[in-house]
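Have the model open beside you and enjoy the tour.

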Amino acid sequence: VEALAGRLARDRVILGVHLQAEDKRNRNPVIIEIDEVPFGDVVALARRHPRLTVMAFGLARIGDVQTAGVLPEGYVGRLQNMPEVEHRADLPDNLYLDLSFFELEDSFTTALKLFRPEQLLMGTHAPIFYPRPAPLKIQRSTAPDGAKEAALRGNARRILGLS
């Protein structure tokens with residue numbers, strides 16, 4: 001993985017890491033059990049390769065972030081009582097997160113309490129999920145308009161070098 005990451009960074013290729021391909025509840029454990037990639041491993045990879053753009057797909061639970069040591073102890077339990085947007089996650093600037101699996105009440109506003117707006121990307125995870133709800137959970141959130149624009153268009157355009 002280290003050699004691949006180094007080569008991708010040199011060639012300016014984005015590395016996408018799927019933390020999970022589908023919800024555990026949809027899997028048949030008798031046929032195959034696929035281990036999920038720990039979020040903390042993706043964070044560590046991005047830190048080791050600061051010139052590599054890393055995208056994490058399938059971050060589903062706030063607990064994934066908590067157990068990865070990204071958030072301070074007790075932070076997850078306080079989320080419901082924090083109306084203000086706080087950027088507490090200590091994530092490397094080269095790490096981006098797609099929101100396709102991130103399903104909570106007002107998911108996008110909650111994501112902004114965990115991550116910086118410039119690191120969040122709308123994701124659909126189509127064809128597993130219907131794509132239409134993906135932009136709606138951002139557009140209909142209580143988040144600031146600038147953060148919505150960044151996740152819907154701006155961040156992807158910046159990463160891809162589009163004007």
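A salt bridge here is a side-chain nitrogen of Lys or Arg within 4 Å of a carboxyl oxygen of Asp or Glu. The model is predicted, so local features need pLDDT of at least 70 and side-chain atom pairs count only at pLDDT 80 or more, while totals for chains, interfaces and linings use all residues. Residues are numbered from 1 along each chain as its sequence is written, and side-chain values use heavy atoms, with hydrogens and water left out.

**Exercise 1.** Find the network of salt bridges that includes D93, and describe its pair with R116.

*Solution.* Step one: the network links D93, R116 and E118. Step two: between the side chains of R116 and D93, the N to O distance is 2.6 Å. Step three: R116 sits in the loop between α5 (107–114) and β4 (120–121), and D93 in the loop between α4 (75–78) and β3 (95–98), 23 residues apart. Helices (H or I, at least four residues) and strands (E, at least two) are DSSP runs, numbered from the N terminus. Step four: R116 is buried at 16% relative accessibility, whereas D93 is exposed at 59%. The cut-offs are under 20% relative accessible area for buried, over 50% for exposed and in between for partly exposed (1.4 Å probe, protein chains only).

**Exercise 2.** Work out which parts of the chain R48 and E2 tie together.

*Solution.* Start with the contact: their side chains form a salt bridge at 2.5 Å, N to O. Finally, check accessibility: R48 is partly exposed at 46%, and E2 is partly exposed at 38%.
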